[in-house]
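Hello! Here are a few notes on the aromatic rings, for you to read alongside the coordinates.

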Amino acid sequence: MVTRRDALKLSLGAGLSLALPGTLFAATPAPMLTRPIPSSGQRIPVVGLGSSATFSATARDDASALNAVLRTLIDEGGAVFDTAPSYGASEEVAGKAVQDLGIADRVFWATKVNVAGREADAKADPASARAQIEASFSRLGRDTIDLIQVHNLGDITTQLGILKELKAEKRVRYIGVTSTSKPAYPKLIETMRNEPLDFIGVDYAVDNRDVEETILPLAAERGIGVLVYAPFGRTRLWQRVGERALPDWAAEFDAATWGQFFLKFVLSHPAVTCATPATSRASNLIDNLGAGRGRLPDRAQRERMVKLIEDLPAAS
């Protein structure tokens, strides 16, 4: 199976313009693109850092290795860090790291709450939900958290109700809900229509475009920010491109690697506020952040990107 590292080597081998002075994969001095949070107008960088998958595994096995990743996020123009109590040691380790590095106030901290589980009718104990939230505050060491979302739409009535209270108390700046499950999309849509959300978090990728049908247009209509998870289809897109070189025409929208190709497709949808791919490697993060610089594909280029991927074999 081709890994992210393999794909980066292939892109380099294809002769694409990647300057290496100072920071790896720093292709251009162009500033990081930002987008406004619809409910406030606050602008945030369009590429952030997630903390599931390999980040979570590294947090468990070698926490100190993540200090460089979080430092890189800030130094290279990012800000958004997406985490959750359910991501193993991720939230605890990252909270300690940003405090030790002195960057806690420079991170847009997006975490989650869910003590109800994933079952559709599961109920959340309010005291347990509040305790989980307070643990998140303690880990970050700040009086205010930027964003807390109800993870996997768990017991919206109880848990979003608590978040509304915390927002009214100005302890939480933004609130929202997340879902990366297509069967749960109807519930997500209902919640978007009926609740005062600042954000949703959803899965979206060049070969996973179901949210384009209703969810992204509804977010734009309702003024809801969108965090994108799994923009690489977890590892699926890396498997699909395999050992292929990046097409020359990707340079038309300043994509220098496959990772930037995948991310720029996601970012080119106007309803998307920020994509937060997870990684435990500073080099991968720098590459990801590069997708937030330069041009984004237009409609015709997006269609060409989709066709290219759809013509490839499915991931095994």
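1. First, the ground rules. This is a predicted model, in which local features need pLDDT of at least 70, side-chain atom pairs count only at pLDDT 80 or more, and totals for chains, interfaces and linings use all residues. Residues are numbered from 1 along each chain as its sequence is written, and side-chain values use heavy atoms, without hydrogens and water.

2. There are 15 aromatic pairs in the structure; rings of Phe, Tyr and Trp (its six-membered ring) pair if their centres lie within 6.5 Å, with planes under 30 degrees apart counted as stacked, over 60 as edge-to-face and the rest as tilted. Tyrosine 204 and phenylalanine 265 make a tilted pair, at 6.0 Å centre to centre and 50° between the planes. Tyrosine 204 lies in the loop between strand S8 and helix H8, phenylalanine 265 in helix H10, 61 residues apart (helices, H or I of at least four residues, and strands, E of at least two, are DSSP runs numbered from the N terminus). Both tyrosine 204 and phenylalanine 265 are buried (under 20% relative accessible area, 1.4 Å probe, protein chains only; exposed is over 50%, partly exposed in between).

3. Tryptophan 238 and phenylalanine 262 are edge-to-face because their planes stand at 80°, with centres 5.3 Å apart. This pair links helix H9 to helix H10. Tryptophan 238 is buried at 6% relative accessibility, and phenylalanine 262 at 0%. Both belong to one aromatic cluster, which also includes Trp249 and Phe253.

4. Arginine 302 lies over the face of phenylalanine 265, 4.1 Å from the ring centre (NZ of Lys or CZ of Arg within 6 Å of the ring centre and within 35 degrees of the ring normal). The charged end of arginine 171 sits over the ring of phenylalanine 137, 4.1 Å from its centre.
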